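Please open the model in a viewer and keep the selection tool at hand.

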Amino acid sequence: MNSEGNGDPYLERYFVGHTKPVTQVRFSPDDSTIATSSADSTVVLWDIKQPIRCLCFTEHADSVNGISWSPNSNFIASCSQDGIVNIWEPKENCICQQFLLNDQPVRSVDFHPIDPATVVTASDDKSVKLWHVDQKKCITSFASYEGLVSSAKFSPNGQLVASCGDDKSLRIFDIKSGECVWCLTEERGMGRQLAWHPNGNIVAVALSCCQVNVFDLVAQELVQLYQVHSEPVNDLAFHPSGNFLLTGSDDATVKILDLLKGKPIYTLTGHIGGVTAVAFNNDGSRFASAGCDRQLIVWKIQTPFDVIIKQEQSSAELDLSDSYDEDVGFKGIF
């Protein structure tokens with residue numbers, strides 16, 4: 001593990017149980033459990049305090065590409081390479097509600113942050129769709145893409161959906177109107193994953209060209225561009241404070257970026273092979289990473305990030321609009 005700052009995160013626990021690469025990792029709303037999906041067709045739940053898995057969900061017949069916890073934590077949605085989405089309870093002998101969206105792989109699924117009966121999906125059929133879970137009915141189908149859609153997620157207030165994919169565009173859709181309210185094309189790389197900032201006005205995109213782009217939706221422009229990985233970036237997640245960004249890449253590293261200073265502050269190297277999934281827990285005290293080595297690693301933050309923020313507050317208050325760092329091009333600050 002390399003560090004550009006003090007108070008390094010440390011490896012708290014690691015889990016091994018999948019037989020193929022992990023595709024996504026998510027903390028439960030109460031932070032007691034971690035869910036991982038895998039190319040081995042399973043979703044595994046892990047008790048964060050125990051070194052063994054607590055439940056293995058095996059209803060999918062093909063690679064599970066994505067997962068999402070409902071806001072009340074009573075259900076998990078999982079989507080698969082065979083075009084199926086399952087909604088199920090995280091417990092033994094659970095009742096599984098299954099519906100086939102289409103005959104194309106579904107790349108991501110995300111529960112609405114307020115209404116647990118609504119999910120959004122992204123698919124290889126070049127679509128982003130809203131679904132009513134109980135009715136198994138498509139509510140809205142947004143404008144078609146020119147290629148597969150790799151990720152679609154609700155904004156924190158649930159009023160917008162952001163999506164990215166192979167056509168190299170980031171699109172923002174209004175839930176009520178169904179219209180695309182903003183679209184930007186990045187010519188250098190395809191979007192592999194996206195994350196909403198907690199304030200709902202910022203979206204970060206992980207790109208196949210090894211970059212991470214951060215967009216301000218109010219100003220409608222690119223505000224930060226990071227070139228800190230040497231291979232494609234697969235996943236990313238904002239810290240709950242909104243001041244840090246977690247990234248995972250095919251270069252086998254996990255990085256934490258300080259968005260106020262515009263540079264990486266930690267580089268973690270615990271994986272063998274590409275890092276495919278990363279996530280912060282809900283209070284920001286831990287984060288998880290998983291990858292092609294089939295491992296799930298849980299990291300504990302030794303020095304809370306809010307302490308780091310206070311220590312660097314004088315720097316954060318500076319006008320960074322004219323500053324420059326070799327790792328990032330600034331156009332503004334949050």
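This is a predicted model: local features need pLDDT of at least 70, side-chain atom pairs count only at pLDDT 80 or more; totals for chains, interfaces and linings use all residues.

Residues are numbered from 1 along each chain as its sequence is written, and side-chain values use heavy atoms, with hydrogens and water left out.

**First stop: the largest pocket**

Select Arg 26, Asp 110, Trp 196, Phe 280 and Asn 282, the closest to the centre of the largest pocket among the 37 residues that line it. A pocket is found on a 1 Å grid over the protein atoms alone, as an open set of points where a 1.4 Å probe fits, with protein on both sides within 12 Å along at least five of seven lines; lining residues have an atom within 4 Å of a point. The volume of this pocket is about 1,000 Å³, counted as the space filled by probe spheres set on the points, which are joined across faces, edges and corners.

Next, colour the elements that give two or more residues to this lining, including β3 (22-27), β11 (106-111), β19 (191-196) and β27 (275-280). Strands are DSSP runs (E, at least two residues), numbered from the N terminus.

**Second stop: the second largest pocket**

Move to Thr 23, Asn 65, Arg 107, Arg 192 and Asn 234, which lie closest to the centre of the second largest pocket, out of 18 lining residues. This pocket has a volume of about 530 Å³. Strands β3, β19 and β23 each give two or more residues to its lining.

Select β7 to β10: they form an open sheet in the order β7-β8-β9-β10, with antiparallel pairing. Two strands pair if DSSP finds at least two bridges between them. At the edges are β7 and β10 (96-100), each pairing on one side only.

Within the sheet, β8 (residues 76-80) and β9 (residues 84-88) run antiparallel and are joined by four bridges. Cys 79 stands opposite Val 85 in β9.

**Last stop: the cysteines**

How many disulfides does a search of the whole structure find? The search finds zero, a disulfide being a pair of cysteine sulfur atoms within 2.5 Å. Select Cys 180, which is in no disulfide: the nearest cysteine sulfur, that of Cys 183, is 5.1 Å away. Cys 180 is partly exposed, with a relative accessible area of 34%. Cys 54 is also partly exposed, at 40%. Buried means under 20% relative accessible area, exposed over 50%, and partly exposed in between (1.4 Å probe, protein chains only).
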